[in-house]
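Here is a short exchange on how some structural terms are applied. Each answer sets a value against the definition behind it.

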Amino acid sequence: GEDVEQSLFLSVREGDSSVINCTYTDSSSTYLYWYKQEPGAGLQLLTYIFSNMDMKQDQRLTVLLNKKDKHLSLRIADTQTGDSAIYFCAENNQGGKLIFGQGTELSVKP
Amino acid sequence: NAGVTQTPKFQVLKTGQSMTLQCAQDMNHEYMSWYRQDPGMGLRLIHYSVGAGITDQGEVPNGYNVSRSTTEDFPLRLLSAAPSQTSVYFCASSYGASGRNEQFFGPGTRLTVL
């Protein structure tokens with residue numbers, strides 16, 4: 001079945017780069033997403049990548065997609081304390097439904 | 001626009017009680033869905049709707065009912081609450097079901113079943 005896997009925790013120092021990794025199983029997914037959830041709030045779409053791309057950059061965010069290995073990563077440059085949150089990777093299946101990973105809790109230490 | 005709104009924000013139920021979680025959106029979105037979020041498990045799809053009058057089951061539908069009588073509203077009903085339904089519930093909406101349509105999430109309802 002479809003599955004999306006992420007590590008649960010990541011801790012970095014302010015100013016460093018953060019890299020959050022994700023693996024997925026559905027090779028037919030056309031879009032892959034990164035969502036951010038701040039404490040007590042809903043999910044907010046950060047960025048997405050179309051499956052025929054291998055990289056997308058948006059200000060401090062860089063998404064890398066390796067379709068062969070079904071691996072997706074999110075790099076946050078110059079990580080700030082305001083970036084502390086849970087980050088979810090998600091893929092859309094053929095029916096348009098989102099399959100989420102478990103979420104990676106990013107902790108940014110000053 | 002208010003976006004996606006959910007009520008209540010918090011709820012405590014006893015086992016066997018029933019209740020309805022409300023969800024509304026003012027963006028004229030056709031696609032609406034309900035997820036539950038549990039620690040270490042991400043979000044799992046409960047039910048979804050591709051338009052008024054049409055609903056379907058997601059990954060974890062047991063114990064939940066939905067209806068979609070209007071485009072704006074998509075309530076989630078728990079007929080007989082169980083402790084296993086203790087979770088945070090999120091409603092989401094988008095223009096359509098296809099992948100390029102961004103899903104907008106509500107702020108969530110935190111439910112505890114004793």
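In what follows, Ala, Val, Leu, Ile, Met, Phe, Trp, Tyr, Cys and Pro count as nonpolar, Asp, Glu, Lys and Arg as charged, and the others, Gly among them, as polar. The model is predicted.

Q: How do the residues of the lining of the second largest pocket divide by class?
A: With those classes, the lining of the second largest pocket divides into seven nonpolar, four polar and six charged residues. Of its 17 lining residues, the closest to the centre are A:I99, A:F100, B:L43, B:R44 and B:E59, and the pocket holds about 280 Å³ of space.

Q: What makes β6(A) and β7(A) a pair?
A: Two strands pair if at least two bridges are found between them, and four bridges join β6(A) to β7 (residues 61-66) of chain A; therefore the two strands count as paired, by that definition. They run antiparallel, and A:Q57 stands opposite A:T62 in β7(A).

Q: Why are β1 and β6 of chain A called edge strands?
A: In the open sheet of five strands, the order is β1-β3-β8-β7-β6 (chain A), with antiparallel pairing. The strands β1 (4-6) and β6 (55-58) of chain A each pair on one side only, and the twist averages 15 degrees from one strand to the next.

Terms used
Residues are numbered from 1 along each chain as its sequence is written. Chains are lettered from A and ligands numbered from 1 in the order in which they are written. This is a predicted model: local features need pLDDT of at least 70, side-chain atom pairs count only at pLDDT 80 or more; totals for chains, interfaces and linings use all residues. Side-chain values use heavy atoms; hydrogens and water are left out. Axes are lines fitted to C-alpha atoms, for helices over the stretch in contact, and angles run from 0 to 180 degrees between N-to-C directions. On a 1 Å grid over the protein atoms alone, a cavity is a set of points where a 1.4 Å probe fits but cannot get out, and a pocket is an open set with protein on both sides within 12 Å along at least five of seven lines; lining residues have an atom within 4 Å of a point. Grid points are joined across faces, edges and corners, and a volume is the space filled by probe spheres set on the points.
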